[in-house]
Amino acid sequence: MSFDVAGVRRQFPILSEIIDGKPVHYLDNGASAQTPLAVIDAVRKYETTSRANVLRGVHRLAERATEAYENARAEVAAFLGVKPMEIVFTGGCTAAINLVAYSYGQLLKAGDRILLSELEHHSNIVPWQLLRQRSGIEIDMIPVTTDGRIDLGKLPGLLTPRTKLISLAHISNVTGALLDVKAVVAAAKGVGAKVMIDGAQRAPHGPLDLPELGVDFYVFAGHKAYGPNGIGVLWAKPELLDAMPPFHGGGSMIGRVTFAETTWAPAPRRFEAGTPPIGPAIGLGAACAWMRGLDWTAAHDHEMGLVQRLMDGLQKIDGTQILGPASLQNRYPVVSFMLDGVHPHDVAQTLDSFGVAVRAGHHCAQPLMDRFDLDGTTRVSMAPYNDTSDIDALLAGVAHAAKTLR
Amino acid sequence: MSDELYQEKIVALAKAKTGAGKLAAPTRSARRDNPLCGDRVVIDVTLDGQGRITGIGHQVRGCLLCQASASALASLAVGKDAAGIADIRHDAERAIGREQGAAAEPYAAFAPVAAHKSRQECVLLPLEALKDALA
Ligand SMILES: Cc1ncc(COP(=O)(O)O)c(C=O)c1O
């Protein structure tokens with residue numbers, strides 16, 4: 001069965017817009033994906049039939065809102081292959097990483113070590129640097145291979161008995177390389193370190209089985225996974241959530257408050273202080289349900305066919321170079337490239353005039369740019385709704401930039 | 001639309017690379033970074049006793065707009081002091097629509113940037129660096 005890309009496209013209203021006379025060739029999914037009617041309808045249903053605060057009221061709107069919110073938690077859990085009460089809703093992926101850095105970080109001592117990689121997004125670097133300032137932990141870094149993968153060959157030499165946590169991107173938001181998570185988990189076990197995976201770029205490509213992967217923490221953002229803005233997810237093993245102190249204090253996260261002492265609610269409430277982003281959570285639940293309804297074997301083949309078409313096309317344009325794995329094995333449809341003699345921002349701006357949306361720059365991964373001595377790259381990031389016309393429009397734009405701008 | 005943004009005049013300015021490179025013995029130098037896009041400009045100048053520019057060199061790691069602006073600036077800078085450079089800055093601001101009035105050449109070439117807010121800093125970065133060098 002071939003993949004019904006037209007059928008998928010019809011579910012995303014923005015893809016049939018004509019903007020300034022140009023169709024929407026949206027290839028900036030790694031920054032933010034588009035959202036399907038299923039999500040828009042779920043949020044609209046909450047706002048028009050169930051809007052109220054959650055976990056506080058006894059009236060029927062509050063009951064409806066709470067039920068929809070908790071159903072969303074269950075949808076996200078099903079998407080990750082875990083239990084609903086292990087899902088913490090956060091404000092985003094960055095917020096989820098900061099939560100772990102703060103709350104799990106409270107359990108660490110000066111001299112404990114955290115292991116990151118050279119290709120991490122700034123959001124998986126800076127929260128650990130803040131923790132280092134607060135509590136004197138140390139940060140180690142796994143280097144990246146010439147083809148843009150985390151060099152797991154260097155992993156054993158970097159693990160120490162003081163290494164408490166390894167936190168790595170599941171898929172690089174720059175090179176598209178897929179991490180061998182199981183190999184990391186196996187190595188971490190040897191020293192008793194926990195493993196956190198930043199799934200920001202992986203979640204948009206289909207359901208996961210976290211227990212099978214064997215990780216301890218997993219985080220992702222709603223808006224990159226066809227859901228609304230302002231919502232993200234932290235999953236952690238229940239024993240870790242139980243051991244972690246709260247991050248924010250406020251309503252909902254308490255057991256009992258007196259001025260002498262306050263006790264904490266159990267997870268996930270302990271980590272959801274205040275009124276949560278209810279509509280966005282409901283939208284994310286719908287996005288997870290939508291993703292679970294897609295045939296990802298076919299979708300992935302379709303996406304990787306587009307990657308091949310892109311790579312073949314770029315190769316025909318003089319002076320292009322790809323930053324990332326050349327093979328389609330263990331890689332996802334995020335492709336960064338450079339065009340000799342043309343700055344990435346000029347490539348992206350030219351592409352905009354062809355109706356093609358991409359991202360250019362350092363992609364919040366400056367250490368990786370430094371590693372390759374680059375100012376930036378042009379990044380093409382795909383979703384199942386992209387088709388050959390998107391890739392062909394992009395290639396025409398790159399060829400035009402090559403011809404006119406150098 | 002951006003096709004107009006990269007009109008021939010701007011591309012020609014960038015390709016001309018007027019004043020591109022380091023000076024051997026600059027009186028002053030300054031570097032400016034744009035944290036948003038990572039563009040970077042280093043400007044070297046030599047000055048006479050009255051603070052007038054006698055030589056200028058620029059190194060741009062940045063986009064075409066930034067390169068074109070550095071080129072335009074270098075073509076005008078020699079003989080100018082800080083006040084003269086401030087006048088050129090007004091011209092640049094007029095060209096990109098941040099100030100009233102018509103801009104003179106060569107900055108008039110940047111008129112299409114008026115419609116691209118996110119790219120205006122690219123044009124101003126070399127002027128910022130030169131201002132720092134003269135401060
Ligand atoms: C790998 C990776 N991690 C984390 C993030 C941060 O996500 P957010 O900005 O939605 O919190 C991103 C977003 O670009 C990302 O690509």
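Me: How do I read the handedness of the crossing where helix 12 of chain A passes helix 14 of chain A?

Reply: A crossing is left-handed if the near helix is turned anticlockwise from the far one by less than a right angle, and right-handed if clockwise. In this predicted model, helix 12 of chain A passes helix 14 of chain A in a right-handed crossing. Helices here are DSSP runs (H or I, at least four residues; strands are E, at least two), numbered from the N terminus.

Me: At what angle do helix 12 and helix 14 of chain A pack, and how far apart are their axes?

Reply: Axes are lines fitted to C-alpha atoms, for helices over the stretch in contact, and angles run from 0 to 180 degrees between N-to-C directions. Helix 12 (residues 344-352) and helix 14 (residues 388-404) of chain A pack at about 125 degrees, with axes 9 Å apart. Helix 12 and helix 14 of chain A are therefore oblique to each other (under 35 degrees is roughly parallel, over 145 roughly antiparallel, 65 to 115 roughly perpendicular, the rest oblique).

Me: Which residues of helix 12 and helix 14 of chain A meet?

Reply: Contact means heavy atoms within 4.5 Å. From helix 12 of chain A come Val347(A), Thr350(A) and Leu351(A), and they meet residues of helix 14 of chain A including Leu394(A) and His400(A).

Me: What about helix 4 and helix 5 of chain B, at what angle do they cross?

Reply: The axes of helix 4 (residues 82-95) and helix 5 (residues 120-134) of chain B come within 11 Å and cross at roughly 165 degrees. Helix 4 and helix 5 of chain B are therefore roughly antiparallel to each other, and their crossing is left-handed.

Me: Where is Pro106(B)?

Reply: Pro106(B) lies in the loop between helix 4 and helix 5 of chain B. The peptide bond from Glu105(B) to Pro106(B) is cis, with omega near -5 degrees.

Me: How much area do domain 1 and domain 2 of chain A bury between them?

Reply: The size of an interface is often given as the accessible area lost when the parts come together. Here domain 1 and domain 2 of chain A bury about 2,600 Å², 59% of it on carbon and sulfur atoms (accessible area with a 1.4 Å probe, summed over both parts).

Me: What should I know about numbering and confidence?

Reply: Residues are numbered from 1 along each chain as its sequence is written, and chains are lettered from A and ligands numbered from 1 in the order in which they are written. Local features need pLDDT of at least 70, side-chain atom pairs count only at pLDDT 80 or more, and totals for chains, interfaces and linings use all residues, while side-chain values use heavy atoms, with hydrogens and water left out.

Technical notes. Buried area is the accessible area (1.4 Å probe) that two parts lose on being put together, summed over both.
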